[in-house]
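Hi,

Here is the model I promised to pass on.

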Amino acid sequence: MQLEVVGQSLERIRQGNPLIHNITNVVVTNFTANGLLALGASPVMAYAKQEVAEMASIAGALVLNMGTLNETEAEAMILAGKSANEHGVPVIFDPVGVGATAYRTATAQKIVEQVKISILRGNAAEIANVIGEKWQIKGVDAAQGNQDVVALAQKAAKQLGTIVAITGKEDVITDGKTLYRIGNGHPILTKVTGTGCLLTSVIGAFAAVESDLLLAGASALVCYGVAAEKAAKKSAEEGPGSFQVQFLNELSAIVEDDVKRMGVVQIEVLE
Ligand code: ATP
Ligand code: TZP
Ligand code: MG
Ligand code: MG
């Protein structure tokens with residue numbers, strides 16, 4: 001991967017301040033808005049059925065996140081998603097906690113049926129459960145397992161006709177044919193709630209400025225992981241509170257040179 005493209009996208013986010021419409025969960029709302037602002041994007045959280053279609057139509061990307069799902073929000077996600085589809089706005093979907101309850105699983109499956117998703121991002125168990133495979137999940141956190149994450153990502157990408165990112169210690173993203181493996185990140189990310197959710201919104205910011213959505217997704221994953229490593233270097237010894245603050249600082253400070261120096265990316269042709 002030419003890591004220059006990550007720098008170019010970062011520059012476009014900072015120059016263009018793309019509007020990112022988030023329908024997300026109550027746990028991560030503030031962190032997500034601050035993370036997007038730090039990166040250079042312009043976040044908006046809008047949930048009312050009366051306005052979501054209009055808001056999605058003028059956004060650079062729409063991010064749907066099921067973290068604290070309810071019936072009204074599920075309906076709003078479908079309205080917003082259909083509008084985004086009509087207006088050529090990329091839709092990024094984070095199926096938080098899918099597989100933990102039958103309601104979440106059924107709702108995620110309804111969303112992927114009714115809305116054309118551009119990029120699906122979750123942990124392995126969430127992605128598996130979206131496509132009807134019953135991998136174990138504990139609340140919103142992936143359980144440990146040795147299953148083949150690349151095969152799962154490829155299967156999900158083909159079945160849903162979308163790009164799929166599965167994150168964890170190593171991140172993978174694929175359109176079913178080409179696979180990027182990203183080795184950046186830091187274990188302390190698992191000690192701050194919402195780091196997965198913010199990542200999904202950061203993918204939205206990259207998708208708003210890069211029309212090659214596989215490249216956009218891979219760029220977001222590298223950039224996010226490198227920013228986390230830089231933040232951990234300065235703050236991890238102090239603990240997750242300091243890390244969270246420093247991570248926002250690093251999302252704002254990260255430049256192409258950091259990504260070129262620290263990015264760990266492999267590309268594989270799957271077929
Ligand atoms: P989960 O609920 O399973 O934690 P999530 O939605 O929080 O899922 P993660 O898979 O934790 O999403 O991904 C969020 C970020 O944390 C990604 O950048 C990922 O690379 C990073 N990450 C997660 N676990 C680790 C780890 N053990 N080491 C390094 N980075 C990690
Ligand atoms: N409960 C419902 S949503 C949520 C929790 C704890 C946040 C999950 O955030 P992430 O990014 O998946 O860790
Ligand atoms: Mg996590
Ligand atoms: Mg998550």
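Let me start with the ligand site. The shell around ligand 2 has four nonpolar residues, six polar ones and no charged ones (Ala, Val, Leu, Ile, Met, Phe, Trp, Tyr, Cys and Pro count as nonpolar, Asp, Glu, Lys and Arg as charged, and the others, Gly among them, as polar). Those neighbours are Asn25, Val27, Val28, Gly67, Val140, Thr193, Gly194, Thr195, Gly196 and Cys197, where near means that a heavy atom lies within 4 Å.

Before going on, the ground rules: this is a predicted model, so local features need pLDDT of at least 70 and side-chain atom pairs count only at pLDDT 80 or more, while totals for chains, interfaces and linings use all residues. Residues are numbered from 1 along each chain as its sequence is written, chains are lettered from A and ligands numbered from 1 in the order in which they are written, and side-chain values use heavy atoms, with hydrogens and water left out.

The backbone makes polar contacts with ligand 2 (N or O atoms within 3.5 Å). A polar backbone atom of Gly194 is 3.4 Å from a ligand oxygen, one of Gly196 is 2.9 Å from a ligand oxygen, and for Cys197 the distance is 2.7 Å. On its own, ligand 2 exposes 370 Å², and the protein buries 77% of that (Shrake-Rupley areas, 1.4 Å probe).

Now the aromatics. The whole structure has two aromatic pairs (ring centres within 6.5 Å; planes under 30 degrees apart are stacked, over 60 edge-to-face, the rest tilted). Tyr224 and Phe247 have ring centres 4.9 Å apart and planes at 90°, so they are edge-to-face. Tyr224 sits in helix α9 (residues 213–235) and Phe247 in helix α10 (residues 240–253), so this pair ties together parts 23 residues apart in sequence (helices are DSSP runs of H or I, at least four residues; strands are E, at least two). The other pair, Phe243 and Phe247, is stacked, at 5.5 Å centre to centre with 10° between the planes. These two are four residues apart in α10, about one turn of the helix. Tyr224 and Phe247 are buried, as is Phe243 (under 20% relative accessible area; over 50% is exposed, in between partly exposed).

Last, helix α2 (residues 29–39): its buried residues include Phe31, Leu36 and Leu39. The buried residues of α2 pack against α1 (4–16), β1 (19–23), β2 (42–45), α8 (195–209) and α10, with contact meaning heavy atoms within 4.5 Å. Gly40 follows α2 and has a positive phi, near 120°.

Cheers

Notes. A polar contact is a pair of N or O atoms within 3.5 Å; within protein, one must be able to donate a hydrogen and the other to accept it, and residues adjacent in sequence count only if both atoms are side-chain atoms. Rings of Phe, Tyr and Trp (its six-membered ring) pair if their centres lie within 6.5 Å; planes under 30 degrees apart count as stacked, over 60 as edge-to-face and the rest as tilted. Buried means under 20% relative accessible area, exposed over 50%, partly exposed in between (1.4 Å probe, protein chains only).
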